[in-house]
Amino acid sequence: MRIIHVSTLDDPRLAAYTSLTEIQLRNRLEPEKGMFIAESPKVIDRALDAHVEPLSFLVEEPWLEGMGREFAQVDAEWGPDIPVFVASPDLLKQLTGYRMHRGALCAMRRWPLPSVEDVVRGARRIAVMENIVDFTNVGAIMRSAAALGVDAVLVTPSCGDPLYRRAARVSMGTVFQVPWTRIGSDVHDWPDKGLALLHDLGFTTVAMALTDDSISMQELTRRLGLPEGDAQRIDRIALVFGTEGDGLKHRTIARTDLTVKIPMYHGVDSLNVAASTAVAFYATQPTH
């Protein structure tokens, strides 16, 4: 690694960390030049273990010695020329707005997203995030998907980016462990084209929503556990979760195979989407 000490955030070599917005980092016009920022050693470790290419590091001086394992891993896979910019804790606090307790950032190269067909090949249980825009929720859903054994996650065109800094941090780096991709490249591709594709791929699509004809989560899990040959058995399932506040689009609910609700008490009619996904992922785990 090339260790470079910096004393000002005006250093042009720090532009990826200081000057570019998340959208500019993503670089939709030239995806091969896109990058994202991984924050904290935990997130960086999981990205490196997934063979994501690092472009540079920005590390608090007190944390430099503790990054030895990561630097050795980078040297072995990517060579010794990746720069490590080292700054004081006060300088990084100016950048992030808060005192970093895990003082490391890494600019990393985005990878070409695979096709939906490739991501769900062999999958039996997947999740679809429809237009979820809060990056904390996006990250929390990815973390629950990893922890509870969801095979893949699909993200609609208007959904928040799982690689945005806060989403990746909240996910604890599991965004690099759960297979995921976008379903459709244009907002008009969802829900009609997207749901049609999932049907063609053999998934029973399930809208998580409160409607007059919603079945209970318990009924859904019963159908998942039925023996082969039973007409009600669900073999491959796609759980679809809607945006904060408004929930799923009416058009989405109308075109899914089933609508499912989580029974609740004390007049509560809904859960935060991150909480509801965790409940649904846990309830629909295959029996062992």
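Is tryptophan 111 buried, partly exposed or exposed, and what is its relative accessible area? In this predicted model, local features were considered at pLDDT of at least 70 and side-chain atom pairs at pLDDT 80 or more, whereas totals for chains, interfaces and linings use all residues. Residues are numbered from 1 along each chain as its sequence is written, and side-chain values rest on heavy atoms, with hydrogens and water left out.

Tryptophan 111 is partly exposed, with a relative accessible area of 29%, where buried means under 20%, exposed over 50% and partly exposed in between (1.4 Å probe, protein chains only). The structure holds 7 aromatic pairs, defined by ring centres of Phe, Tyr and Trp (its six-membered ring) within 6.5 Å, with planes under 30 degrees apart taken as stacked, over 60 as edge-to-face and the rest as tilted. Phenylalanine 36 counts as buried because its relative accessibility is 0%.

A tilted pair is formed by phenylalanine 135 and tyrosine 164, at 4.7 Å centre to centre and 55° between the planes. This pair also links distant parts of the chain, 29 residues apart, with phenylalanine 135 in helix 7 (residues 135-147) and tyrosine 164 in the loop between strand 7 (152-155) and helix 8 (165-170). Phenylalanine 135 is partly exposed, at 27% relative accessible area, whereas tyrosine 164 is buried, at 9%.

The largest nonpolar core comprises 54 residues, and those with the most contacts inside it are Phe57, Met129, Val153, Met208, Leu220, Leu239 and Phe281; such a core is a set of buried Ala, Val, Leu, Ile, Met, Phe, Trp, Tyr and Cys residues joined through side-chain atoms within 4.5 Å. Apart from this core lies another, of 19 residues, among them Ile126, Ala209, Val240 and Leu248. Beyond its neighbours within four places in sequence, phenylalanine 281 is in contact with residues including Arg125, Ile141, Leu148, Leu239 and Phe241, contact being taken as heavy atoms within 4.5 Å.

Technical notes: Helices (H or I, at least four residues) and strands (E, at least two) are DSSP runs, numbered from the N terminus.
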